[in-house]
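Please keep the sequence and the 3D view side by side as you read. The paragraphs below lead you from one place in the chain to another.

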Amino acid sequence: MRSILCKILVVMGMISCNNRSYDDWTVYGGSAEAIKYSSLAQIDSTNVTDLKIAWEYHTGDADTAKFSQIQCNPIIVQGTLYATTPKLQLIALDAKTGKLKWSFNPDSANRNKEFYHFILNNNRGVTYWEDKDDTRIFYTAGSSLYAVHAQTGKLIESFGKQGSVDLHEGLGRDVKDLYVAATSPGIIYKDLYILGSRVDEGPNAAPGHIRAFDVRTGKIKWIFHTIPQPGEYGFDSWEDPNAWKNIGGANSWSGFSLDKERGILFAPTGSASFDFYGGMRKGANLFANCLLALDAATGKRKWHFQFIHHDLWDYDIPAPPVLVNILHNGKKIDAVAQTTKHGMVYVFNRETGEPIFPINEVPVDTTTHIPGEKVWPTQPIPTLPKPFVRQGFTEADINPYLADSSKAAISKQLATYRYGKMFIPPGTQTAVQFPGLDGGAEWGGPSFDPETGFLYVNANEMPWLMTLMPTTKRTEQKETVAKAGQRLYTQYCVSCHGTDRKGTGNNPSILHVDKTYTNDGLDSLIRTGRRMMPAFTQLHEQERKAIIAYILSLQKEKNKPYSGPKQPIDSFRNLPWTITGYYKFMKDGYPAIRPPWGSLTAINLNNGEQVWQTALGEYPALKSKGIPATGTENYGGSVVTAGGLVFIAATSDKMIRAFHKRTGKLLWEHPLPAPGFATPSIYAVNGKQFLVIACGGGKLGTKSGDSYVAFALPD
């Protein structure tokens, strides 16, 4: 019946149907197309309220004191679920019962390796590959890419060096002392494992080049330079011909999608470093903030589109694009759709890169008082679809649920700020950045329904405050440990932890870090990093000691003479400007702007029109006062099914929800043991359909969790 209806609607020009079956979840995001769609329909809009917890698995390694997380979207292969834990162990579970089959600990597996330092970052998924009896799980933990036997959990020692590859290697310049890791999984094309990276967002960033590794040996087969080198396309988009030797970032940190039939890899990239000051990287800065279409076999560029020219707002492209089939103006088109942090959806012809809906270069504010900065004069804005979030904050948008005194305080703040539009150049006078640093869209990415052509995107609507401050220049004169520590803290730490050390955005306060870390433990943390904090392996021992003395206000150390390294001052790493911190614009614990603060939107990609939008998430304290759902900040993505449902967790209120995919009506919600800041997976075992979500919490001040929870209909 569904097939017949699909054909009728195609003839009527209403939808474009895709006959492929999506009945498994063997790839991050459900499929190489990254559409997060399941054709399983045992659970549907008529019985979703009957869902019960089928099993729950506890990893046992949550760190509630340090806000550990699980962001993993599990994959399920032949009845086994593969996922990661808060401490980045790789686990294999029976997908029907949740019982552990095996686990792999990357920390203990590498303790004997020379120069090994385990970096505890976040992991969003793993990758499966097989060739007859050779079955492998590829995943990253810290700066290492591992190949693990899918049946036994043992390292495959013929891969790389004794089972792993150091991600510092093969980037074309010496980055051994810089932070290089990967939070999103790579993707398989034939016998290649293609991987992006996460790098520092400050001036000490490694280049974000994309690499393809031989799945059997770990050897690099090709590399695409996201910061072009002499003779390569895009090299002239940097005014400084030596920028490629020094500038980092432009990294594909959020993962890929892949058109297997055409052999095209689609890779979104982040901003060039430093995020908010571009005086050392004048120009449009290709291939930062781009969607790249690459030949998956060779890494050669087919086409690209840059969404933000000379990014000064940290508007990384936050998620893999979705590969969609649409019916536009009566014509079937294989397209690719990209969501962005600033609330846009851009849709292109998959083969040519031609926009499906017109995109205009729109003039933007170029006023800057920052010496050396050169703001790009235009930014590309699509005519359709319309933005799925608001794109400016005015005094009329102040949160109406605040006390009158709080609203007056916000009005007083606004009188001293720059606000009201996108793309306000950063400066010493605070600017309200909206959409904010975490979207708009975020790393969970959208889902897409091939039955209807509807795209589902969850978004944040949180304004942030952006202020530049001058850094303290290093001089050749003698310094005390206190002076050096303050200078180094401003250079490396202030953007996350603030000038007052109370923490900014989603970053923690370090005022009482001595209660959590010893001096040696803090030194180790600076060297190795942890989750959102990059590793600062480039810092000399005396530099680390000076920072620690400043953070901990060590009286015995502060007046001692500083004896740090005397190497020449690097103008690319010692920038004259930094930000005062990542500050959300909040009052009394709530966003300064009126709701919604989190939303879920359905967009018809056949015509670019919005179908519905609803608030995503609630604040219990506001709900108890009778205030309608406001939405919350959300991290993680949705999945859509042939059963007529959109499932999503992602919110801070510890709920997982199901919405009717055509109307947006909330049909079901269920509390979780901790917030599910991850994307669910949908699969079947022996004819029984399951929905599973990682419940790791830890973000937005929530308590950390350690479980995977699976739901199913009663037998």
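Predicted model: local features only at pLDDT ≥ 70, side-chain atom pairs only at ≥ 80, totals over all residues.

Residues are numbered from 1 along each chain as its sequence is written, and side-chain values use heavy atoms, with hydrogens and water left out.

Begin with Glu33, which lies in the loop between α1 (2–11) and β1 (37–38); helices (H or I, at least four residues) and strands (E, at least two) are DSSP runs, numbered from the N terminus. Glu33 counts as buried because its relative accessibility is 12%, where buried means under 20% relative accessible area, exposed over 50%, and partly exposed in between (1.4 Å probe, protein chains only). Its side chain is joined to that of Tyr22 by a polar contact of 3.3 Å, a term for a pair of N or O atoms within 3.5 Å, of which, within protein, one must be able to donate a hydrogen and the other to accept it, and residues adjacent in sequence count only if both atoms are side-chain atoms.

Glu130, placed in strand β7 (residues 127–131), is counted as partly exposed because its relative accessibility is 42%. A polar contact of 2.7 Å links its side chain with that of Tyr128.

Turn now to helix α7 (residues 519–528), whose buried residues are Leu522, Asp523, Leu525, Ile526 and Thr528. These buried residues pack against α8 (541–552), with contact meaning heavy atoms within 4.5 Å. After α7 comes Gly529, whose phi is positive, near 75 degrees.
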